[in-house]
Each structure stands twice: as structure tokens, then as C-alpha cells.
Amino acid sequence: MDPTNVPLTSCPHCGAQIPETAAFCPGCGRPMQTETRAQGTVGALRENIAGALAYLTFIPAIVFLVLEPYNKNRFVRFHSVQCLLLWGAAILLAIALKLASVVLFIIPVLGPLLVLLVSTVVGLAAVVIWLVLVVKAFQGEMFKLPMLGDLAGQYAGSI
Ligand SMILES: [Zn+2]
């Protein structure tokens, strides 16, 4: 790689702009954390593969949270918990939509149309979110969803 064109990152300690590849921050001299990208292995799997697998339904996520050594791995724990929280949110949203549709179906023509439109938009959004999560995990990133991601991060950190 061209040394003048190394991607920059900011130091988590002092905020200085430093090359992504630096082992130590030139600003404050502290070692850089390289935990943002999972590159190790856990059990028989690579961390990023396990993280992406966690999002295939909810079964692998539960297995990862119960089974050693997967449940001791921060990256895998994070994605497993985020997956389960996402399922929880999706189920609540589905119930809310169902209840709303019961009311909306009273309105002729416009009601059922509105239900169809909202269901389609929510369904497409869910597919997009799911794809982003799988790809990000596969790339070794701890990609956090709003709110859910912070909860998952807290749980993942508390081993
Ligand atoms: Zn620094």
C-alpha cells in the first residue's frame, strides 16, 4: 500500500488522527486497540464467520450464547445478543402492525391499502437491516444498531 495513502483513524485516548495501521498513537503514545475488526478464530470457526452465522435465524445465536468457547468470545456474544434483540423488536413490531391492521381494516379500500404499504416497507427495511448486519459481521465489524446495539455491547462486555 502507498504509505502516504494509509486510511486514518482517530485515537480513542486523545482523538489524534493517526494511520489505521499504527500500533501506538504518536500523539499520546498509548497502544492502539485493534479489537474493532475480528480476525481471530473461535472454536472451529473464524470470528467473522461465527458473527455472521449468528444472524441466520435465532438458533445459532442461542447456541453461541450457551456453548463454549463461543459464549466467551466478545465479538460472537455481541452479534448473538444483537440478533436476539432484533428478533424481539421484530416480534413486537409485528404484533403492533397486526393490531393496527385490525383497526385500519375498518376503513374501506384505503385501510387495507395502507396496511399493505406499511407491511411492505417494514418487510423491506427488515431485509436490508438483516443483510447489512450479516455483511458487517462477515467483515469483522461490531456494527451497532441504534439502541439495540448499545444493549448488546453492554452484555457482550460483561463476561
Ligand atoms: Zn492518542
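User: Hello! What covers the buried residues of α3?

Analyst: Welcome! In this predicted model, the cover over the buried residues of α3 includes β3 (41-42), α1 (47-53), α2 (59-66), α4 (110-138) and α5 (148-157).

User: Which residues of α3 are buried, and what makes a residue count as buried?

Analyst: The buried residues of α3 are F75, V76, R77, F78, H79, S80, V81, Q82, C83 and L86. A residue is called buried if 20 or more other C-beta atoms lie within 10 Å of its own, so each residue in that list reaches this cut-off. Over the chain, 18% of the 159 residues count as buried.

User: How do you know what span is expected for helix α3?

Analyst: Helix α3 (residues 74-104) has 31 residues.

User: What radius of gyration would a compact globule of 159 residues have, and what does the chain have?

Analyst: Such a globule would be near 15 Å, but the chain has 20 Å. The C-alpha atoms fill a box of roughly 65 × 40 × 25 Å along the principal axes.

User: Where are the domains, and what separates their centres?

Analyst: Domain 1 covers 1-34 and domain 2 covers 38-157; this division comes from an automatic or database domain assignment. Their centres, taken over C-alpha atoms, are 32 Å apart.

User: How many helices and strands does the chain have?

Analyst: There are five helices and four strands, and along the sequence they follow the pattern β-β-β-β-α-α-α-α-α.

Terms used
Residues are numbered from 1 along each chain as its sequence is written. This is a predicted model: local features need pLDDT of at least 70, side-chain atom pairs count only at pLDDT 80 or more; totals for chains, interfaces and linings use all residues. Helices (H or I, at least four residues) and strands (E, at least two) are DSSP runs, numbered from the N terminus. The expected span of a helix is 1.5 Å times one less than its number of residues. A residue is buried if 20 or more other C-beta atoms lie within 10 Å of its own, exposed if 12 or fewer, and partly exposed in between; C-beta atoms are placed from the backbone. Two residues are in contact if their C-beta atoms, placed from the backbone, lie within 7 Å. The radius of gyration is taken over C-alpha atoms; the globule rule is 2.2 Å times the number of residues to the power 0.38.
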